[in-house]
Amino acid sequence: MNDAVKVALVTGSAQGVGEAIARRLHAEGLHVVMADAADERNRSTAADIDPSGSRADPVVVDLRDEHAVARVVEQTIDRLGRIDVLVNNAAVANGTSLWDVTVDEWENVLATNLRATFLLSRAVGEHMREQGGGRIVNISSLAAQAARPSGVHYAASKAGILALTRIFATELAPHGVTVNAVAPGTLETPMMQAVSAEVRDRLIASIPLGRIGSPEEVAALVVFLISEEASFTTGATYDINGGVLMR
Ligand SMILES: NC(=O)c1ccc[n+]([C@@H]2O[C@H](COP(=O)([O-])OP(=O)(O)OC[C@H]3O[C@@H](n4cnc5c(N)ncnc54)[C@H](O)[C@@H]3O)[C@@H](O)[C@H]2O)c1
């Protein structure tokens, strides 16, 4: 990669983990293209990250729409000339019991979490292959590795992301592109603030490190994975779950 400002495309950047990742990548000097369906919130997050608007661009996109996915990649390359980093972070979580999941719910979760990751990785991977380098980081989940009776579609989509990670890593390795996955356990997000103190205490008791993780800790791991220092890792899954799953 040359000395030009590196460009990162981060999905699901309006809030939570995606916001923390976009903020860190921006702080590291990258130009961050922030893709999210929540237009207003994404704009205000981008303005907060970069009030000058020079290195953080909010882009509205519904990742379930294959044409919109193709457009965001094309427009980013047309406008900025390159994409060095792709972070597939956007997702919908759904805790419906496996007995109650409807086909519509299944399609919605799989299209958002897995199909969009596939389409974006393929479009951006092709560009990175021609460019001769790049980094792709896919945000999976502990749910892909554990067995719970709820959220079967969410878990399947996140496990599918681990398979995509290995396949894209193999295809792109000869071209200097690394592809890794990050699998967080429970994180301190607005959703967690809504749970009762009792549920929270029980959850914390099940985590060896004795606390819930933060989006910033996930962002720090992503910063390492996109760095030059992470030059000998690809196709890997990085667990970040306080020790809930050790292997
Ligand atoms: N929060 C946790 O405890 C936790 C744990 C493990 C893994 N994760 C993973 O981390 C990632 C981020 O989680 P979060 O808690 O920040 O989620 P969040 O719900 O707070 O944010 C998700 C973002 O994705 C966007 N999004 C959803 N559907 C979209 C679509 N169709 N098109 C474009 N944007 C869309 C939303 O607008 C939102 O801004 C997800 O991949 C999630 O599976 C989170």
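Author: Let's settle one convention before anything else: angles under 35 degrees count as roughly parallel, over 145 as roughly antiparallel, 65 to 115 as roughly perpendicular, and the rest as oblique. Keep in mind, too, that this is a predicted model.

The part I'd pick is helix H1. H1 covers residues 16-27 and packs against helix H8, residues 215-225, at an angle of about 50°, with the two axes 8 Å apart. As for handedness, H1 passes H8 in a right-handed crossing. On the H1 side, the contact is made by Gly16, Val17, Ala20, Ile21, Arg24 and Leu25, and on the H8 side by Pro215, Glu216, Val218, Ala219, Ala220, Val222 and Val223. Sort those residues by type and you get 10 nonpolar, 1 polar and 2 charged.

An α-helix has 3.6 residues a turn, so residues three or four places apart point the same way. You can read that along H1 in Val17, Ala20, Ile21, Arg24 and Leu25, which are among the residues touching H8.

The axes of H1 and helix H2, residues 39-49, come within 10 Å and cross at roughly 30°. That is under the 35 degree cut-off, so H1 and H2 count as roughly parallel to each other. Their crossing is right-handed. Here the contact comes from Glu19, Ala22, Arg23 and His26 of H1, meeting Thr45, Asp48 and Ile49 of H2. The make-up of the contact is 2 nonpolar, 2 polar and 3 charged residues.

How does the helix itself look? With 12 residues at 1.5 Å a residue, H1 should span 16 Å, and its end C-alpha atoms sit 17 Å apart, which agrees. The buried residues of H1 are Val17, Gly18, Glu19, Ala20, Ile21, Ala22, Leu25 and His26. Just past the end of H1, glycine 29 takes a positive phi of about 100°.

Now for some context elsewhere in the chain. Helix H3, residues 66-80, packs with helix H4, residues 103-131, at about 25°, with axes 10 Å apart. By the convention above, H3 and H4 are therefore roughly parallel, and H3 passes H4 in a right-handed crossing. That contact involves Glu66, Val69, Val72, Val73 and Ile77 of H3, together with Leu119, Leu120, Ala123, Val124 and His127 of H4. It divides into 8 nonpolar, 1 polar and 1 charged residue.

H4 turns up again with helix H5, residues 152-172. H5 has 21 residues and reaches 30 Å from its first C-alpha to its last, close to the 30 Å expected at 1.5 Å a residue. Its buried residues include His153, Tyr154, Ile161, Leu162, Phe168 and Leu172. The buried residues of H5 pack against H4 and against strands S5 (134-139), S6 (177-184) and S7 (237-240).

Proline 190 lies in helix H6, residues 190-193, and at 57% relative accessibility it counts as exposed. Leucine 203, in helix H7 (residues 197-205), is partly exposed at 22%. Leucine 203 touches Thr186, Met192 and Ile212, leaving aside residues up to four places away in sequence. Leucine 203 and threonine 186 are 17 residues apart in sequence and 8.7 Å apart in space, C-alpha to C-alpha. Finally, glycine 210 sits in the loop between H7 and H8, partly exposed with a relative accessible area of 41%. Glycine 210 and histidine 67 are 143 residues apart in sequence and 44 Å apart in space, C-alpha to C-alpha.

Key
Residues are numbered from 1 along each chain as its sequence is written. This is a predicted model: local features need pLDDT of at least 70, side-chain atom pairs count only at pLDDT 80 or more; totals for chains, interfaces and linings use all residues. Side-chain values use heavy atoms; hydrogens and water are left out. Axes are lines fitted to C-alpha atoms, for helices over the stretch in contact, and angles run from 0 to 180 degrees between N-to-C directions. Helices (H or I, at least four residues) and strands (E, at least two) are DSSP runs, numbered from the N terminus. A crossing is left-handed if the near helix is turned anticlockwise from the far one by less than a right angle, and right-handed if clockwise. Contact means heavy atoms within 4.5 Å. Ala, Val, Leu, Ile, Met, Phe, Trp, Tyr, Cys and Pro count as nonpolar, Asp, Glu, Lys and Arg as charged, and the others, Gly among them, as polar. The expected span of a helix is 1.5 Å times one less than its number of residues. Buried means under 20% relative accessible area, exposed over 50%, partly exposed in between (1.4 Å probe, protein chains only).
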